Structure formats: C-alpha cells, structure tokens
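Hi,

Here is the structure I said I would pass on.

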Amino acid sequence: MNKRFRSCATLAAVLLLVASGTHASADVAHIFWKDLRPATQAIAEDANLPMIAAKLPDHGETLSFDLRDKTIQLAGYALPVDREGDLVYQFLLVPWTGACSHMPTPPPNQIVLVTPAHPYKMKEAYEPVAATGVLQPGMEKSQLFILDGVSIVQSGYTVRKAEVTSVDSVPDAVTLPVNSPWNFLNKKKN
C-alpha cells in the first residue's frame, strides 16, 4: 500500500511539473517594439528616421509600465556592452541594425538592456536575437566601446537572467529609408 501511495504521489508530482512548465511558457507575452512606447508617441516611420530622442517631445523617456514584472519575449538586434571574445555577458537590444554605433541612438523606450542568464555566444554585432525574461522599466546608462570612441547609451528597460536565442529575422524591425546615409545596413549579409 505504501509503495502504491508513493507511485501515485510521484506521478502526481510529475504531472504537476509538466502542467506548471506548460503554464509557465503560456505566460510569456510575445511583444513588439511598439509595446514599449506610449501609444501617443509617433512610430519610427512617422518621426522621420532615424527616430532619435531629440525629435520626440519627451525625448523618448516616457516608458510603458503595462508590462512591468511580466515575462516577455522581444526580438531585436544585439549590440554587446560587456563581452569577452565571442561570449556576451550584457547587450543592448535595439529595433534596427546600426542603432547606437553607426547612427543616432533610438529613444530610451526603444532600447532594452539585456543580461543573459548564461553568457551568449555571439557571432557578430547586431545579430538578430530574441530575449525572454522579466521586463523592468527604468532608465539605465551603458557605456559602449565603438569604433570611433566611447558612447553612453540610455536604455528604458532591463531584462535580467534572460534566455537568449538566435532568430532569423525581427518581425517588426525598422527599415531605414532609401535616402538615409545608413541604408547600407538594410542589405542582407551573405
């Protein structure tokens, strides 16, 4: 009888773990860049790209608190902040390639500072990735070492202990206009 009880208890525990694992993945909100800015703020195309903080009345510092403490997944382009070789310990997730280093910085509410749960092996800067973790609104400054010097970038959100995966594309990536001096960044890499 005692053996049977333990078997039933073990089966119940396994089923509970499976069910909670399924439930946890269902709690991930797959969000887009527009979800990180106020609904009243112009989208990138309406702000005459590049969408830089100086062009916005609030300088892009108005954050969305609707997703605070929620587990989210957001796809974007990774720009390393803290790395050692090809291992990245912290990066900025941005909505378009070239942001922050090759062209003006997006507004803070369009930049997420991501700290992976485990160092992420990155092939190249601006690699398309999806970061999954708990979103926290709040201004943070990061120091970037770029080709032409050091740059301080302000992000409006953080995701710590993030799961990071490589993706083929960013569904809502901003495409630079044809007349942009940075439109060469739109071209696919071979």
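Leaving aside residues up to four places away in sequence, leucine 87 touches Asp82, Pro119, Tyr120 and Lys121. Keep in mind that this is a predicted model. Leucine 87 sits in strand β3, which covers residues 87-94, and its relative accessible area of 30% makes it partly exposed. Another pair to look at is leucine 87 and methionine 122: they are 35 residues apart in sequence, yet their C-alpha atoms are 6.3 Å apart in space.

Now the wider view. The chain has 1 helix and 7 strands, and along the sequence they come in the pattern α-β-β-β-β-β-β-β. There are 190 residues in the chain, and 41% of them count as buried. If you take contacts between residues at least 6 apart in sequence, 71% join residues at least 24 apart. The accessible surface comes to about 11,000 Å², with 58% of that belonging to carbon and sulfur atoms.

Then the charged pairs. How many salt bridges does a search of the whole structure find? The count is 3, and here they are in turn.

One is between lysine 121 and aspartate 86, with 3.7 Å between the closest N and O atoms. Lysine 121 belongs to strand β5 (residues 120-121) and aspartate 86 to the loop between β2 (71-84) and β3, so this pair ties together parts that are 35 residues apart in sequence. Lysine 121 counts as exposed, at 56% relative accessibility, while aspartate 86 is partly exposed at 32%.

Glutamate 140 and arginine 160 make another, and their closest N and O atoms are 2.9 Å apart. Here the partners are both in strands: glutamate 140 is in β6 (residues 127-146) and arginine 160 is in β7 (residues 149-166), so the bridge ties together parts that are 20 residues apart in sequence. Glutamate 140 is partly exposed at 26% relative accessibility, and arginine 160 is partly exposed too, with a relative accessible area of 44%.

That leaves lysine 34 and aspartate 35, whose side chains meet in a salt bridge at 3.4 Å, N to O. Aspartate 35 has a relative accessible area of 26%, so it falls in the partly exposed class.

Cheers

How values were computed: Residues numbered from 1 in each chain as written. Predicted model: local features only at pLDDT ≥ 70, side-chain atom pairs only at ≥ 80, totals over all residues. Heavy atoms only, no water. Helix = DSSP H or I, 4+ residues; strand = E, 2+ residues; numbered from the N terminus. Buried < 20%, exposed > 50% of the residue type's maximum accessible area, 1.4 Å probe, protein only. Contact = heavy atoms within 4.5 Å. Salt bridge = Lys/Arg side-chain N within 4 Å of Asp/Glu carboxyl O. Areas by Shrake-Rupley, 256 points an atom, 1.4 Å probe, with all protein chains shown as cover.
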